[in-house]
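User: I would like a close look at a single part of the structure shown below, then its surroundings. Please keep the account connected and state the cut-offs.

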Amino acid sequence: MIIKEIRIKNFRSYYGDNNVFEFSDGLTLILGDNGDGKTTFFEALEWLFKTELDRGNQELENVSEMRKSKLEIGDMDEVSVFMSFEHNGFKSVEKSFTFERTGENSFKVGKVYYTGYENTDSGREQVSGKLLVNRCYDAFIQRFSMFKGESRLDVFDDKTALKTLVDKFSDIRAFDELVEHVIEFEKKSNAAYLKEMKSDDKVSKEAKELEQKIKRASDDVAQIKKDINEKKTSVELYSSKLKELEHNQETSERYKEIEDRRKTQQEKKNKLQSQISMVDYNHALLDRYWILAPFPKILQEFKQKCSSFSKEKRKQERDFDRQQAEEIGKRKAVKEIKETLVNGSEELPWYLPDQDTMQEMINDHICKVCGRPAPEGSEAYNFMVKKLNDYIKHVEASVSQKEKEKNLEEKTLFKFNHIEKMHSLSISLSGSNESEIANKATEIIERIDLVSRLRQDLKVIENKLQDIMDEKSRLLIQAGNVSETVLEKDFKDIKGLFEQRGRAEIRLTEMNGELALKEKQLRDLQNEMDGLNPSSGQVKVLRDVHRALEVICKAFANAKEANLRRFLSELEEKANEYLDVLSANDFHGVVRLRQTADESTEIKLFSSNKTEITKPSGSQKTEMYISVLFAISDFTKEKRDEDYPLIFDAATSSFGDSKEEEFYNVIDGLDKQCIIVTKDFMTKGVVRSKDIEKLSCPVYRIKKADGFDKNNMATIRTTVTKLKD
C-alpha cells in the first residue's frame, strides 16, 4: 500500500475541508512546532484505520471545537478523514460522521460511515471500507508501520512480536503441526514397543527394570530443563532490571551524592536551630532581670533607702520601748495612799476580811472579829459596809489595771515587717548577686550577639540547602518521570541485583552440567534398552519404528530451531545494512537480535569487539530500531509481495541539527515510503528554509493560525502549507 493523499475535515484542530496532504512514494516530511497539530494528524490516521466503529456521542471529542462554535442551532456538518492509495490498483477509503447543534451547549452525532472504493475491470466500485483496510493494511502491518514517539519504536518490546513475525514470514509455522504429529506418533510407538518388550519372556525382566530407570531419568531431565528455563528467566529478569537500572545509574549516583550533601546540610541546620533554641535569653534574662540590668544606680539607691528605713525603724522602736517601760514602771512603783485608823494604826489589808465574811457580819449585825454588836446605822455597822464597798472597788480596779498593763505590754509601734523584708532583699542583692546583676546587661548582649551569629550561620546553611534542592530538582527534571523513590531504590538495588544475577548464572552453569550428565544417563539407558535382543519379531519391528520416529522427531525440532535462527539472522543482516546507511558517518555498532527464554526477542547494539553497548545514545537507539523496522518492511515486501508506508510521529526528537539533514537525506534516498511528522528543521518555531532546500522530498508545514485565544479551544485551528514539492 502506497498512500497518495490524505484529506482531513473538521477533525479536532483541522477545521474545514482545506487540509490536504499529498505524498510521494518515498519520504514526506510534515513539520510543526509543539501544539501545532502533529500528533492530531497521526491520530487522525489511527482513527481512519480503526475498523471497530464507535457509536453516538463517543465521537464528539473528535469534532473541531471551532466548527462547533460556528454552528447555529439546527445546523449540521461532517467530520471525515479520506485516504487514497495504491494497492494492486487505485483505491480509497473514507471514515465520516455528521454532527448537529441541538442546543446552546449540546450536539448530536450521527452514525459513523466507513466507505471504500476500488477500481476493477468493471469500473470504480464501492466496497466496505472496513474490509478494504483489513485487506490492504491489516492490524499486523499497522503494528510494524505506525509509531508515536521514540519510545514506541522497539517493536520487540511486545513479547508476541517475534511469534507474529515468524507466523507471517517464516516456514517455521509449517513445522509446528508436523512436530506435534511426529511427537504423538513417537509416544504411541514407544508405548507399544515397551508393552511388547515387557511381554517378551526373554527380556521382560530387564525391560521392566530399564523402563523404571528410564522413567526416573526422563523425569529428572524434564525437571532439570524446567528448572533451567526458570533460571534463564530469572537471569533475564535480573538483566532486564539491571538494564533499566543502569539506564538511571548515573542519575541515581548523582542523586545519591546530592542527597548526601542535603542530609549533611540539614543536620547542620538542625544543630544550629537547636543551639538557637537553647539560648534562653527571653525568660531567664529579659523576663527576670531586665529592669535591674540597665539600672545599677537604682539598685544602689534601693539598698541605701532600705538601710535608712531599717535604721529609722530601729530608733523609733527604741524610743517606743523606753516610753512603755517607764509607764509600766511608774504604775508598779506608785502605791495607792490608804486612810489610817484613828490611832494611826494601819488598816488591815484590803482583802481581809474577805467579801463573804464582811457580808455575813453585816447581815448578822455583829463584828465577828471582836464580837461586838453592830446594829444597823451604828458606827461599827457603817464601817463594815464601807469596808465591803472598798473591797468590791479594789477588786474591780485591780482587774481593770491588769488589763491596762497587759494592753500596754502588747502594744507595738510597727505592726508589719515590710522594712525588714526590703532590707533582707537589699542584702540578698548585695555581694555576688549584686555583681551578677551588674553583669546581666553584658550577658544579655553577648547572648543576643550569639543568636545573631547563629542565625547568620543558619541563613548560609539554608541558602546552601536551597541550592542543593534546586540542583536536585534539575536532576529530576532531566530524569523525566523517574521519582526520587525509584532513584534511591535503584542505587541500593544495583549491587544486590548484580550479585543475584551472578549467583543465578553460576547456578545455571551448574544445572546445564547436571542436565548433560542426566541426558547421558538417559541415552545410555535407552541404548541399553534398544540393545536388548527380544525373541519376538513384532517387538523388533516396533523397536525399529520407534527408533525411526524418534530420529524424525529430533530432526524436525532441530530444523525448526535452525529455521528460526536463520530467520533472525536474515532479519539481523538486513537491519545492519540499513544501520550502515543511516549512520554512515557516525559510530553505530552492530544490531544483534537475541532470543530470550520466553521465546521473545531483544534488540541489542554491540561493538565489533563483541562488547555490548549498554548505554546507546538516543539517536543511536532510534537508528537501530528504525533499521529493524526497515528490515521487517523488506521481509513483508519479499514474503507477501506487498509494500506499506512507515509512519512516524516525533521519532527523531533526540537528533541534533547536524544529524537531521544527514538522516533525512538517507531516508529520502531509500526505496520506501516514509511519512515523518516532526519538529526537526525548526528553530524557535521558524523553519530553517536553507536546510529544507537541500532535501528532495515534499515538505509540509502545519501551524496554529494566528490570533487564537490561549484559553479558548474554539479559536485553535491548524493550517496546512506545502513548502516544497
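Which residues does Asp17 touch, not counting residues up to four places away in sequence?

Analyst: Asp17 touches Ile8 and Lys9 once residues up to four places away in sequence are set aside; contact here means heavy atoms within 4.5 Å. The model is predicted, with local features needing pLDDT of at least 70 and side-chain atom pairs pLDDT 80 or more, while totals for chains, interfaces and linings use all residues. Residues are numbered from 1 along each chain as its sequence is written, and side-chain values use heavy atoms, with hydrogens and water left out.

Asp17 is placed in the loop between β1 and β2. Helices (H or I, at least four residues) and strands (E, at least two) are DSSP runs numbered from the N terminus. With a relative accessible area of 49%, Asp17 is partly exposed; buried means under 20% relative accessible area, exposed over 50%, and partly exposed in between (1.4 Å probe, protein chains only). Along the chain, Asp17 and Glu78 are 61 residues apart, and their C-alpha atoms are separated by 9.6 Å.

The loop that holds Asp17 also holds Arg12, between β1 (2-9) and β2 (19-22). Arg12 counts as partly exposed, at 27% relative accessibility. Its phi is positive, about 55°, although Arg12 is not a glycine. Most residues other than glycine have a negative phi. His365 also has a positive phi, near 55°, without being a glycine. His365 sits in the loop between α11 (355-364) and α12 (379-410) and is partly exposed, with a relative accessible area of 31%.

Ile8, touched by Asp17, is among the residues in contact with Phe41. Leaving aside neighbours within four places in sequence, Phe41 contacts Ile6, Ile8, Tyr14, Phe21, Phe23, Ile30, Ile675 and Val677. Phe41 is also one of the residues with the most contacts inside the largest nonpolar core, together with Phe21 and Leu29. That core has 90 residues; a nonpolar core is a set of buried Ala, Val, Leu, Ile, Met, Phe, Trp, Tyr and Cys residues joined through side-chain atoms within 4.5 Å. Helix α18 (residues 618-640) gives the most to this core, nine residues. A second, separate core has 22 residues, including Ala207, Leu210, Leu508 and Val539. In soluble globular proteins, nonpolar side chains tend to be buried together.

Another element to consider is helix α3 (residues 129-136), whose buried residues are Gly129, Leu132, Val133 and Cys136. Seen down the axis of α3, these residues fall within an arc of 95°, so they line one face of the helix; the arc is that of the directions from the helix axis to the C-beta atoms. They pack against α1 (38-49), β4 (76-86), β5 (90-101), β7 (113-120), β8 (123-128) and α4 (139-143). Cys136 is buried at 1% relative accessibility. Cys367 is buried as well, with a relative accessible area of 16%. A search of the whole structure finds zero disulfides, a disulfide being a pair of cysteine sulfur atoms within 2.5 Å.

Strand β7, one of the packing partners of α3, contains Thr120. Thr120 counts as partly exposed, at 31% relative accessibility. Its side chain makes a polar contact with the side chain of Glu125, at 3.2 Å. A polar contact is a pair of N or O atoms within 3.5 Å; within protein, one must be able to donate a hydrogen and the other to accept it, and residues adjacent in sequence count only if both atoms are side-chain atoms. Thr120 and Gly89 are 31 residues apart in sequence and 8.1 Å apart in space, C-alpha to C-alpha.

Ser689 is partly exposed at 49% relative accessibility.

Buried residues make up 39% of its 725 residues. Of the contacts between residues at least 6 apart in sequence, 70% join residues at least 24 apart. The chain exposes about 42600 Å², with 49% of it supplied by carbon and sulfur atoms; accessible areas come from the Shrake-Rupley method with a 1.4 Å probe, and for residues only the protein chains shown count as cover.
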